[in-house]
Amino acid sequence: MLHALLQSDWLIRMLDKSGRPASHRLLALFNILDDLLSSPIAQQTPTPAADSYPADRLQNYLTSQAHQAGARLPDMLANQLYFMALSACQEKLLHPQSTALQQAKQAAQALIDVQTKREVDWLAIRNYGVVILTLFLGITGGYYWHMQVTPDPLIQAKAPDDPPPAHPLSQEASPSETAAIYSRLETMKHGDCRLLEAIQLPERLKSVYIENIINGHVTTNRDEQVLVNQLLDQVKCNYTPKLMVNSK
């Protein structure tokens, strides 16, 4: 259902109708999806088969809009926005009261702003995409952590035989956390990176490394994302612009 929705004619038409500036259409993606998934009839709306549309239809549309908006790296921006929207939709479907799509929209606004500022260096844009997402996930992650570890006075007052329910998001990473990893992986594609030797890793880390970093299928489990970020920290990359390399 979700894949068919993201690649559908309906979504593209709604984005085209959302406003004139291309940057507004990019942000409208999150509002449209949030309104649809918040509707009580969302689960009853029939969707076409997943193979009815090209797999990259939405990504291609976002790339063209990012180009019109003046983004320095439109392909990268489009991929970031797509995976942020996908992760946020998955969160919304699991937890209907979630504000994941609005959180993702705020992170998307920051990414669009930094990509369309003409005075910013192109290499800084790539790295800033990681920084802004990391800062954003730090804020939202800190909130979720606070909600998990801070005892509620009302709950404390209850009898011992009435334990509080487990936090529904305790193991689920936020959309901005997942998007930050995708951003790091995307940035690595533009550099000369020396990947780790998987055979030298412990079995547990080996499977996480191959699935998330080699294959690019980022997990939404928060504990595993900690391992992914630790592995990415060990990857050494050189981002010297090709023009500088060729001039040597």
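The stops below visit a loop, a disulfide and a group of aromatic rings in this predicted model.

**First stop: a loop residue.** Select S8, which is found in the loop between α1 (2–6) and α2 (9–16). S8 has a relative accessibility of 5% and therefore counts as buried, the cut-off being under 20%.

**Second stop: the disulfide.** A disulfide is a covalent bond between the sulfur atoms of two cysteines. Select C193 and C237, which form a disulfide with their sulfur atoms 2.0 Å apart. This pair links distant parts of the chain, 44 residues apart: C193 lies in strand β1 (residues 192–194) and C237 in strand β2 (residues 236–238). The link of C193 and C237 is right-handed, with 115 degrees about the S-S bond. C237 counts as partly exposed, at 27% relative accessibility.

Which residues form one aromatic cluster? Select Y82, F83 and Y182 to display it.

Begin with Y82 and F83: their ring centres are 5.3 Å apart and their planes stand at 75 degrees, so this pair is edge-to-face. Next, compare F83 with Y182: here the centres are 4.1 Å apart and the planes at 10 degrees, so the pair is stacked. Because F83 lies in helix α5 (residues 74–94) and Y182 in helix α9 (residues 175–188), their pair ties together parts that are 99 residues apart in sequence.

Finally, inspect the accessibility of each ring residue. Y82 is buried at 8%, Y182 is buried at 16%, and F83 is partly exposed at 24%.

Note on methods
Residues numbered from 1 in each chain as written. Predicted model: local features only at pLDDT ≥ 70, side-chain atom pairs only at ≥ 80, totals over all residues. Heavy atoms only, no water. Helix = DSSP H or I, 4+ residues; strand = E, 2+ residues; numbered from the N terminus. Buried < 20%, exposed > 50% of the residue type's maximum accessible area, 1.4 Å probe, protein only. Disulfide = S-S within 2.5 Å. Phe/Tyr/Trp six-rings, centres within 6.5 Å; stacked < 30°, edge-to-face > 60°.
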